[in-house]
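Please keep the viewer open as you read.

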Amino acid sequence: MAGPRIAIIFQTGEGHTTGVAARIAAGLRANGCEPEIREIDAAPGTLEGFDGVVVGGSVHNAKHGKELAAWTKRHAGALADRPNAFFSVSITAAVHDQAHLARAGEVAESFFAQTGWHPDMVALLGGALLYTRYGWIKRFAMKQLAAHEFPGLTDTHRDYDLTDWDAVDHFARDAAAHMRAGAMAAHAV
Ligand SMILES: Cc1cc2nc3c(=O)[nH]c(=O)nc-3n(C[C@H](O)[C@H](O)[C@H](O)COP(=O)(O)O)c2cc1C
C-alpha cells in the first residue's frame, strides 16, 4: 500500500530552508511517506488529497514570512483536520541554551497566534549564516549579530552552516510516525 501523501510547504529568504525541507522530505520518504515539496509561491490552493502537512520557514527580523503566515491562516482549518507539523529555522535556535530556545519558541508562538493554527509537532532548528549570499547591508547586520551570538563566526568571505542535521532527521522520523498513525486512524473510521 502507498504511504500517506504529505505536503511540505515552506518559505525561505536566502535558500537554506530549501535544503532543510529537502532533508525532511528524504526523512519522510525513508519512513514510509510520500512527500511533495512546495515553496510558498507554489503552495497548493487546497489540501484535498493530502493525508498530512508539514509547514516551515525561516525567521527574519524575529518573524516568519508573511506569505507563509497568510497561507497558513487561510488553511488553518484544513491543517487541523489532518496530522500536521511545523518547523522554524533561525540562528537563535542554533544556540542550545534556555534563553535562546525560549526566544526561538516565542517567534513560533507568535506565528501560531497570528495564524490561528496550533500544530501537533514543532521543531526549532538552527539555520545558517550565508554571508556570501547577502548584499552588503545584510552582511554587515548579520556580522554584528553574529559577533554577539557566535563569536568566531564573523568571516564574511564564507558561509556557516549551523543546522544540526541529526535534529532535522529526528524531526522527520517523528513526523513520519505521526503522519502514518494519523493516516491509519483515518482509514479505520
Ligand atoms: C536579514 C536577516 C534577518 C534575520 N533575522 C533573524 C532573527 O531575527 N532571528 C534569528 O534567529 N535569525 C535571524 N536571521 C537568521 C536566519 O533565520 C538564518 O540565516 C536562516 O538560516 C535563514 O534561512 P533561509 O536562507 O531559508 O531564509 C536573519 C537572517 C537575515 C539574513
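Is A62 buried or exposed? A62 is exposed, with 12 other C-beta atoms within 10 Å. Here a residue is called buried if 20 or more other C-beta atoms lie within 10 Å of its own, exposed if 12 or fewer, and partly exposed in between, with C-beta atoms placed from the backbone.

Two notes before going on. Residues are numbered from 1 along each chain as its sequence is written. The model is predicted: local features need pLDDT of at least 70, side-chain atom pairs count only at pLDDT 80 or more, and totals for chains, interfaces and linings use all residues.

Helices (H or I, at least four residues) and strands (E, at least two) are DSSP runs, numbered from the N terminus. N61 counts as exposed, with 6 C-beta neighbours inside 10 Å. The backbone deserves a look here: most residues other than glycine have a negative phi. N61, although not a glycine, has a positive phi of about 50°, and A62, also a residue other than glycine, has a positive phi near 65°.

**The chain as a whole**

Stepping back, the chain has 6 helices and 8 strands. Along the sequence they follow the pattern β-α-β-β-β-α-α-β-α-β-β-α-β-α. The radius of gyration is 17 Å, close to the 16 Å that the globule rule gives for 189 residues, so the chain is as compact as a globular protein of that length. That radius is taken over C-alpha atoms, and the globule rule is 2.2 Å times the number of residues to the power 0.38. Along the principal axes, the C-alpha atoms fill a box of roughly 55 × 30 × 30 Å. Of the 189 residues, 38% are buried.

**Pairs across the sequence**

| Pair | Apart in sequence | C-alpha to C-alpha |
|---|---|---|
| Q114 and A70 | 44 residues | 9.0 Å |
| A69 and F112 | 43 residues | 8.8 Å |
| E39 and I8 | 31 residues | 8.2 Å |

Two of these pairs involve residues of α2 and α4. A69 is in helix α2 (residues 66-74), while Q114 belongs to helix α4 (residues 98-115). Leaving aside neighbours within four places in sequence, A69 is in contact with H64, F111, Q114 and T115. A69 is partly exposed, with 19 other C-beta atoms within 10 Å, and Q114 is partly exposed as well, with 15. E39 lies in strand β2 (residues 34-39) and is partly exposed, with 17 other C-beta atoms within 10 Å.

**The core**

What are the residues with the most contacts inside the largest nonpolar core? They are I6, I8 and I24, in a core of 45 residues. Such a core is a set of buried Ala, Val, Leu, Ile, Met, Phe, Trp, Tyr and Cys residues joined through C-beta atoms within 7 Å. Helix α6 (residues 165-188) gives the most to this core, with 7 residues. Not counting residues up to four places away in sequence, I8 touches A21, I24, A25, P35, E36, I37 and V54.

**Domains and ligand**

The domain assignment, which is automatic or from a database, gives domain 1 (5-127 + 162-188) and domain 2 (132-161). The contact between them takes 6 residues from domain 1 and 4 residues from domain 2. Their centres, taken over C-alpha atoms, are 26 Å apart.

Both domains take part in the shell around the ligand, each with at least three residues. Of the 20 residues around the ligand, G13, T17, S58, S90 and G127 come nearest. At least two shell residues come from each of α1 (16-30), β3 (52-60), β5 (84-90) and α5 (136-149), and β3 gives the most, with 3 residues. The shell divides into 7 nonpolar, 11 polar and 2 charged residues. In that count, Ala, Val, Leu, Ile, Met, Phe, Trp, Tyr, Cys and Pro are nonpolar, Asp, Glu, Lys and Arg are charged, and the others, Gly among them, are polar.

Conventions: Two residues are in contact if their C-beta atoms, placed from the backbone, lie within 7 Å. A residue is near a molecule or strand if its C-beta atom, placed from the backbone, lies within 6 Å of it.
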